[in-house]
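I opened my notebook today to get to know a new structure. Here is what I looked up, entry by entry.

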Amino acid sequence: MGFVLSVSAWSQSNPDPNPNSQSKEEKREPGAAREVGAGTGTIGTGAAKGTGAAAKGTAKGAADLVTLHPIDAGASVGKGAATAGKDITVGTAKGTGKVTKGIGRVFKKLF
């Protein structure tokens with residue numbers, strides 16, 4: 001009797017040992033609230049990076065000015081401002097896209 005039970009249990013197929021796992025086709029996208037939150041976080045990260053780049057450029061420019069290198073000082077401040085502008089713009093654009101996608105999901109569910 002034990003042999004029959006063990007053979008019948010062994011012959012049953014279980015293709016997925018973890019039934020809770022999702023395949024790549026079945027993966028769900030994050031919800032609307034998570035998408036909006038991620039977008040807000042991306043905007044904040046871009047602003048923080050931009051602020052850091054501006055501060056770094058200003059500090060290097062001040063150091064160059066103190067050491068009597070006025071041309072290098074202007075270049076450092078300009079480079080810091082350009083990098084800050086880029087970081088803020090990229091972060092804002094990516095974040096706004098995520099927020100818009102999340103809001104679009106909310107409206108999609110309503111209609």
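**Entry 1: a first question.** Is Asp-64 buried or exposed? I looked it up in this model, which is a predicted one. Asp-64 counts as buried, because its relative accessibility is 12% and the cut-off for buried is under 20%.

**Entry 2: the partner of Asp-64.** I then checked what Asp-64 pairs with, and found a salt bridge with Lys-60. Their closest N and O atoms are 3.7 Å apart. Both sit in helix H2, four residues apart, so about one helical turn separates them. Lys-60 has a relative accessibility of 48% and counts as partly exposed. I noted the pair as a buried Asp-64 with a partly exposed Lys-60.

**Entry 3: stepping back to the whole chain.** I wanted the overall plan next. I found three helices and zero strands, and the pattern along the sequence reads α-α-α. Of the 111 residues in the chain, 18% are buried. I also looked at contacts between residues at least 6 apart in sequence, and 75% of these join residues at least 24 apart.

**Entry 4: helix H2.** I went through H2, which covers residues 32-66 and has 35 residues. From first C-alpha to last, H2 reaches 51 Å, close to the 51 Å expected at 1.5 Å a residue. I listed its buried residues, and among them are Ala-32, Glu-35, Gly-39, Thr-42 and Gly-46. Further along H2, Gly-50, Ala-53, Gly-57, Gly-61 and Asp-64 are buried too. What do the buried residues of H2 pack against? They pack against helix H3, residues 70-110.

**Entry 5: helix H3.** H3 has 41 residues and reaches 60 Å from its first C-alpha to its last, close to the 60 Å expected at 1.5 Å a residue. The buried residues here include Ala-73, Ser-76, Gly-80, Ala-84 and Asp-87. Gly-91, Gly-95, Val-99, Gly-102 and Arg-105 are also buried in H3.

**Entry 6: how the two helices lie.** To describe two packed helices, one gives the angle between their axes and the distance between the axes. I looked up both values here: the axes of H2 and H3 come within 7 Å and cross at roughly 175°. An angle over 145 degrees counts as roughly antiparallel, and H2 and H3 are therefore roughly antiparallel to each other. I also checked the contact of H2 with H3 by class, and it has 16 nonpolar, 16 polar and ten charged residues.

**Entry 7: the loop between them.** Leu-68 lies in the loop between H2 and H3. With a relative accessible area of 71%, Leu-68 is exposed.

**Entry 8: Arg-105.** I came back to one of the buried residues of H3, Arg-105. Its relative accessibility is 17%, so Arg-105 counts as buried. What does Arg-105 touch, leaving aside neighbours within four places in sequence? I found contacts with Glu-29, Pro-30, Gly-31, Ala-32 and Glu-35.

**Entry 9: the salt bridges.** How many salt bridges does the structure hold? There are three. One of them joins Arg-105 and Glu-35, with the closest N and O atoms 3.9 Å apart. Arg-105 lies in helix H3 and Glu-35 in helix H2, so this pair ties together parts that are 70 residues apart in sequence. Glu-35 is buried, with a relative accessible area of 9%, and Arg-105 is buried at 17%.

Another salt bridge joins Asp-87 and Lys-86, whose closest N and O atoms are 3.0 Å apart. Asp-87 counts as buried at 14% relative accessibility, whereas Lys-86 counts as partly exposed at 49%.

**Entry 10: what I take away.** My page now shows H2 and H3 roughly antiparallel, Leu-68 in the loop between them, and a salt bridge from Arg-105 to Glu-35.

Definitions and conventions. Residues are numbered from 1 along each chain as its sequence is written. This is a predicted model: local features need pLDDT of at least 70, side-chain atom pairs count only at pLDDT 80 or more; totals for chains, interfaces and linings use all residues. Side-chain values use heavy atoms; hydrogens and water are left out. Helices (H or I, at least four residues) and strands (E, at least two) are DSSP runs, numbered from the N terminus. The expected span of a helix is 1.5 Å times one less than its number of residues. Buried means under 20% relative accessible area, exposed over 50%, partly exposed in between (1.4 Å probe, protein chains only). Contact means heavy atoms within 4.5 Å. Axes are lines fitted to C-alpha atoms, for helices over the stretch in contact, and angles run from 0 to 180 degrees between N-to-C directions. Angles under 35 degrees count as roughly parallel, over 145 as roughly antiparallel, 65 to 115 as roughly perpendicular and the rest as oblique. Ala, Val, Leu, Ile, Met, Phe, Trp, Tyr, Cys and Pro count as nonpolar, Asp, Glu, Lys and Arg as charged, and the others, Gly among them, as polar. A salt bridge is a side-chain nitrogen of Lys or Arg within 4 Å of a carboxyl oxygen of Asp or Glu.
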